[in-house]
Amino acid sequence: MKKFCFAVWMASVAFSAIATVPARISAMMKNGEFNKVERLIGDGEEGMTAYESDSVLAIISRIRSDFSLSYDEGVAAIMQKYPHASSRLIDDWEAANYIETKVIDGKKMMFAKSPRNVGLVAPELAVADRYKQMNGAANLANFARTAIEEADADGFGKWRRVKVKFAIDVDADAVDKGKTIRVWMPFPIESERQANATLLSSTDKAVFARDAVHNTIYMERKADGKAAHFEAVMQYDVRSKTISQDAMLRRLLPYDTSSDIYKKYTAQELPQIQKSADLNDLAWKIVGNETNPVLQASLVFNWIDARFPWAGAREYSTIPCLPRYVLERGYGDCGQVTLLYITLLRNLGIPARWESGWWLAPGDSGMHDWGEVYFEGIGWVPVDMSYGMIAAADTPEVAHFYKSGMDFYRFAANKGVCGLLSPEKKYVRSETVDSQLGEVEWDGGNLFYYKDWHPKFEILSIEELP
């Protein structure tokens, strides 16, 4: 799982506009002294609000869950998977950041996904499937060909009508009887690639939060002591888009740096999208003397694609800045590399933004993150950084498709990061970079996904429109 918007271990970093972490708590969090933090909060010594206390305790719980393997257990799991791996080689892998560890309450722990991740990121394990191969490079090539073949003069493909069902099941003992269960579910945004979003049915009265960073519907119900099932059936139209680099170069105009789009989407959005001297230097090192923004964006795409293999992610809530995490670790999942791409472009003065939701490919659906880049004279151009260059491509157009194209197997519900839900949540969210699995809370606090409740996203139909 993923995603949370603040760094709890950095002194005086805000949880939100009104919540901060005391310096002593921040230092203890950074050092992995979780037992001490829990005792201080339990004794009320820090004078923290209920929201602040709940937030810190939630982060502790998520870090412990992510680093659930003792170091010895992790080493044993790696050796079972790779019998040739010696203790010395495993130490080398850890030193090279291929294995992630953390000391928690004096004990060295290993990230639970490291035994699998090492096969994806260690260069000597070349036989390991890479992410794009795992997810079907041949399928990606076929999706790209379809989009290219269907493209009209503006680059758009045929409209498809998609019907999906989203359900959330809250455990019977998660909420006290008679208390209100509050539920948010993702809902399709409206854009040039998505239209006619409609709620066909829902188990409870739904309230819409359209045009928000996170597009949602909200429902609530009193707990009755039994498991609570919330469900919504949604329908929307979606189409692909692609535009070649040659076409973009012909149409490109100088940026209007006074425009609202330029100002908003070249600014930093802390903590995830940062503009700083070191990131600016890196961005310009990547593009060298190139000054054309279309070509600069292509160079940044190539640089990330060549250097950062996919690997399973920690909870985003436990990472202070996702793009910097990619640079430090040497790998990243779809959201992490997308935020790195957006960050580097903004440091170059190229407007870029986030988009996310679900990937709907047959037999391979799941949460997914991607982005868009704005070029003057062209408009917003979709980019899927994590799908990168298509390995099974038979033409340059197919190989480079995801640099400036998007297939129609998308359910987009977010058009930015770290926004507020509507109505606003009272407690810290399970996922606050975006909203893909939904959110649930009650008066007693936030309820965490796959612990207190279980989401289910189901594709009911995808039909080509006449």
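Colleague: Is valine 213 buried, partly exposed or exposed, and what is its relative accessible area?
Modeller: This is a predicted model, where local features need pLDDT of at least 70, side-chain atom pairs count only at pLDDT 80 or more, and totals for chains, interfaces and linings use all residues. Residues are numbered from 1 along each chain as its sequence is written, and side-chain values use heavy atoms, with hydrogens and water left out. Buried means under 20% relative accessible area, exposed over 50%, and partly exposed in between, with a 1.4 Å probe and protein chains only. Valine 213 is therefore partly exposed, with a relative accessible area of 31%.

Colleague: Where is valine 213 found, and which residues does it touch?
Modeller: Valine 213 is found in the loop between β7 (207-209) and β8 (216-222); strands (E, at least two residues) and helices (H or I, at least four) are DSSP runs, numbered from the N terminus. Contact means heavy atoms within 4.5 Å. Not counting residues up to four places away in sequence, valine 213 touches Ala413, Asn414, Lys415, Gly416, Val417 and Gly419.

Colleague: How is strand β15 placed, enclosed or open, and how many of its residues are buried?
Modeller: β15 covers residues 410-414. Strand β11 (residues 352-359) pairs with β15 in the antiparallel sense over four bridges, where pairing needs at least two bridges found by DSSP. β15 is largely enclosed by the rest of the structure, because the buried residues number five of the five.

Colleague: What is the strand order in the open sheet of four strands?
Modeller: Pairing in this sheet is antiparallel, and the order is β6-β9-β4-β18. β6 (194-202) and β18 (453-464) stand at the edges with a single partner strand each, so one side of each is left without a neighbour in the sheet. To recap, the order is β6-β9-β4-β18.

Colleague: How many bridges join β4 to β9?
Modeller: Let's take β9 with its partners. β6 and β9 (residues 228-238) pair over six bridges, and alanine 195 stands opposite aspartate 237 in β9. On β4 (residues 160-170), valine 164 has methionine 234 of β9 as its bridge partner. The number of bridges joining β4 to β9 is eleven.

Colleague: How many residues of β9 are buried?
Modeller: β9 is mostly covered. Of its eleven residues, the number buried is nine.

Colleague: Which residues line the largest cavity?
Modeller: A cavity is a set of points, on a 1 Å grid over the protein atoms alone, where a 1.4 Å probe fits but cannot get out, and lining residues have an atom within 4 Å of a point. The largest cavity holds about 40 Å³ of space. Its lining is Val170, Asp171, Ala172, Val175, Ile181, Ala223, Asp224, Gly225, Lys226 and Ala228.

Colleague: What is the space in the second largest cavity?
Modeller: The second largest cavity is lined by Ser191, Arg193, Gln194, Val238, Glu355, Arg410 and Ala412. A volume is the space filled by probe spheres set on the grid points, which are joined across faces, edges and corners. For this cavity the space is about 30 Å³.

Colleague: Is threonine 343 buried or exposed?
Modeller: Threonine 343 has its place in helix α14 (residues 334-347). Its contacts beyond four places in sequence are Gln272, Ile273, Gln274, Leu279 and Pro323. At 1% relative accessibility, threonine 343 counts as buried.

Conventions: 1 Å grid on protein atoms, 1.4 Å probe; cavity = no way out; pocket = protein on both sides within 12 Å on 5 of 7 lines; lining within 4 Å.
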